[in-house]
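Let's take a friendly walk through a protein structure.

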Amino acid sequence: MQQEPVFIERDSTKSSNSTDDDNSLKPASYQSSYSSNSTDSDPVKCYNKLKRQGSRSSIIPASGEGAAVSGGAVAGKDSKADSGTWLQHKKHFFILSSAGKPVWTRYGDESRLSSLMGVIQAIISFFQDGDDTIKSINAGHHKFVFLLKEPLYFVSVSRTGESDSQLRDQLLYLHNQIISVLTSVQLTRIFEQRVNFDLRRLLGGTEVFLDSLATLFNNDHSFMLSGLQCLRLSRSVRDQAGGILTDGKVKNLLYAMIVADGKLVTLLRPRKHSLHPSDLHLLFNMLTGSTTFHTAESWTPLCLPKFNSRGFLHAYICYIEKGVSIVVISTDKNNFFEISEWKTNIVEAMQKNAVLENVKEASDKLYMVEEIQIPSLLHFMYKSKVHVQFTTPGFSGPYTNDINRRRLFRLYQHVYDRMHQRARPLKLYYVNSDKEILLGWFQSIAEMDKEERR
């Protein structure tokens, strides 16, 4: 597949004495509606933002040339629609600066919610003035959870039944997503120089990743389990893929991996440098959150917060087949062409040995619970803590229905949270509901070895 490379450059406003560890970063080609020159009343911006966020508002027109016109008419006719539709959702996220400046909202236009952001900042400051830190507020069916990561504040408003710790973990992922673009050093330095800085100027174009991440929180258990889903492959095919990655050598290469539809196929890494699951989650979210990476070879600075939150690495991303990509992380910003040439050899070897064909076939087919052949088993989820991996079948039976599937997702969250409470963790948890019976079971490695010896 012949592709033209896309280089994503750093922001041109960086100071001349900055280093590679703290440069400002402004991706140039992430598809987004944000523009630093647009106004709050820009109808196209309002329409694109609503469409990207997946708002439940019935005013979103069909896509196409007329859509922008319709979107403009909507924005001009009913300005309250954009700022009010977020109230219809069961969960919402806010990000604001410590000065009360809006940075991002999950739904609606953050510019039109600036007064609400100011109220949030005032509540946080009230507790800080008393040498206290606000963590959460329970108000009826709504739960407000706060995460204060100076110079940014993260807030979740939810009526989904998720616990404080689960919502706080999600807020931490949103924080790390911003760090992956700016680094902690750059973020701190920006607000030290200007307390009232509008961070949207630097995040312009990357809101798609925050939106995508917020969506994944509601349909992907990777974040709750802090684990990875690997593509279901035969051992011989996976070994072949790993062998092909190790063939040849590129200087300053840190990690190399093959990813299929957000699932790991194989990973090449130094012996003493493992990748934290949360860093991989952010990387996979970047792969699926923007269509930019699907059309060309890309070379972009990237910060992996758990690896090193203070500096940039450099990521080479190339889709070699629909849904199948090669990702290489390097410490050398001038390594693009050498990696690109190495990628060509990898693809040729994968095609020659039918590895690419097998990977594509496996990614197109999910296994179902019926293949386990356990009577009355409707669904399951299993995590190996040692391998930091989990597996779960596709949805079948009653869970092909959206309502039942969402209910099952929340039930898994409830069982996991109850079993992992610090005050009273459980090894076994049983739930008998009107529609299904759930059993949560935690077993240590020592206990599993003991069972096998029996």
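Start with an open sheet built from five strands, which follow one another in the order 3-2-6-5-4 with antiparallel pairing. Strand 3 (102–105) and strand 4 (136–139) each have a single partner strand, so they stand at the edges and one side of each is left without a neighbour in the sheet. On average, neighbouring strands here are turned by 15° against each other, if direction is ignored. Please remember that you are looking at a predicted model.

What holds such strands together? Strands of a sheet pair through backbone hydrogen bonds, and the pairing can be parallel or antiparallel. For an example, look at strand 4 and strand 5 (residues 142–149), which pair in the antiparallel sense over four bridges. Try to find I137 in your view: its bridge partner in strand 5 is F144.

## Helices against the sheet

Now bring helix 5 (residues 164–182) into view. Helix 5 packs on the sheet and touches strand 2 (91–97), strand 3, strand 4, strand 5 and strand 6 (152–158). The direction of helix 5 makes about 40° with that of strand 5.

Next comes helix 8 (residues 207–216), which lies across strand 2 and strand 3. Helix 8 runs at about 45° to strand 3.

## The buried residues of helix 6

Which residues of helix 6 (residues 184–193) are buried? They are V185, Q186, L187, I190 and F191. These buried residues pack against strand 2 and strand 6, and also against helix 5 and helix 7 (200–203).

## Two cysteines and no disulfides

A disulfide is a covalent bond between the sulfur atoms of two cysteines. How many disulfides does the structure hold? The number is zero.

Are C230 and C303 buried or partly exposed? C230 counts as partly exposed because its relative accessibility is 25%, and buried would require a value under 20%. C303 has 0% relative accessibility, so C303 counts as buried.

## The whole chain

Finally, zoom out. The protein chain has 16 helices and 15 strands. Of its 454 residues, 49% are buried. The accessible surface of the chain comes to about 23,400 Å², and carbon and sulfur atoms account for 50% of that area.

Contacts also link parts of the chain that lie apart in the sequence. Among contacts with a separation of 6 or more, 60% join residues 24 or more positions apart.

How values were computed. Residues are numbered from 1 along each chain as its sequence is written. This is a predicted model: local features need pLDDT of at least 70, side-chain atom pairs count only at pLDDT 80 or more; totals for chains, interfaces and linings use all residues. Side-chain values use heavy atoms; hydrogens and water are left out. Helices (H or I, at least four residues) and strands (E, at least two) are DSSP runs, numbered from the N terminus. Buried means under 20% relative accessible area, exposed over 50%, partly exposed in between (1.4 Å probe, protein chains only). Contact means heavy atoms within 4.5 Å. Accessible areas come from the Shrake-Rupley method with a 1.4 Å probe; for residues, only the protein chains shown count as cover. A disulfide is a pair of cysteine sulfur atoms within 2.5 Å. Two strands pair if DSSP finds at least two bridges between them. Axes are lines fitted to C-alpha atoms, for helices over the stretch in contact, and angles run from 0 to 180 degrees between N-to-C directions.
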